[in-house]
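User: I would like to go through this model by question and answer. Please end each reply on the value or name asked for.

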Amino acid sequence: AITNNPDVNTGDKGLRGVFDNSRDLWSNDFWGSPMASRTSHLSYRPLVIFSFRVQQALCGFDAWSFHAVNVILHALVTHLFMRVSSQVLRWKSQH
């Protein structure tokens, strides 16, 4: 989904290449196949592919960067979930 996906690889352009062919982000599936293709898995995730493209432009295909971003995003979601849960439970206990 990452190394062989033409929608992720910006080549040697770095951040300048992030928005090249950005239309493909909206018309291809997760694996880089056109959504209209019979071989498409129909797994539409343009924001994930865009984040992979930015990471590849900044750090290349080094696995550590993808793992680090994944851990940071999971920590952020966990923190937000805990905050929302505590607010909901506090509100319910008052009513």
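**Questions on the model**

Analyst: L42 sits in the loop that joins α1 (23–27) and α2 (46–59). The model is a predicted one.

User: What is the phi of L42?

Analyst: L42 is a residue other than glycine, yet its phi is positive. The value is near 60 degrees.

User: Is L42 buried or exposed?

Analyst: A residue counts as exposed when its relative accessible area is over 50%. L42 has a relative accessible area of 56%, so L42 is exposed.

User: How many helices and strands does the protein have, and in what order do the elements run?

Analyst: The secondary structure consists of 3 helices and 0 strands. From the N terminus on, the order is therefore α-α-α.

User: What share of the 95 residues is buried?

Analyst: Buried means a relative accessible area under 20%. The protein exposes about 7100 Å², with carbon and sulfur atoms supplying 63% of that area. Of the 95 residues, the buried share is 25%.

User: How far apart are the end C-alpha atoms of α2, and what span should its 14 residues have?

Analyst: At 1.5 Å a residue, the 14 residues of α2 should span 20 Å. The distance between the end C-alpha atoms agrees with this, at 20 Å.

User: Which elements do the buried residues of α2 pack against?

Analyst: The buried residues of α2 are P46, I49, F52, R53, Q55, Q56 and A57. These buried residues pack against α1 and α3.

User: Which residue follows α2, and what is its phi?

Analyst: The residue after α2 is G60. Its phi is positive, near 75 degrees.

User: Is S65 buried or exposed, and which residues does S65 touch?

Analyst: S65 lies in helix α3 (residues 63–94). Its relative accessibility is 4%, so S65 counts as buried. Leaving out residues up to four places away in sequence, S65 touches Q55 and C59.

User: How far apart do the centres of the positive and negative side chains lie?

Analyst: The protein has 9 positive and 6 negative side chains. The centres of these two sets lie apart by 14 Å.

Conventions. Residues numbered from 1 in each chain as written. Predicted model: local features only at pLDDT ≥ 70, side-chain atom pairs only at ≥ 80, totals over all residues. Heavy atoms only, no water. Helix = DSSP H or I, 4+ residues; strand = E, 2+ residues; numbered from the N terminus. Rg over C-alpha atoms; globule rule 2.2 N^0.38 Å. Buried < 20%, exposed > 50% of the residue type's maximum accessible area, 1.4 Å probe, protein only. Areas by Shrake-Rupley, 256 points an atom, 1.4 Å probe, with all protein chains shown as cover. Lys, Arg positive; Asp, Glu negative; His and termini not counted. Charge placed at Lys NZ, Arg CZ, Asp CG, Glu CD. Contact = heavy atoms within 4.5 Å. Expected span 1.5 Å × (residues − 1).
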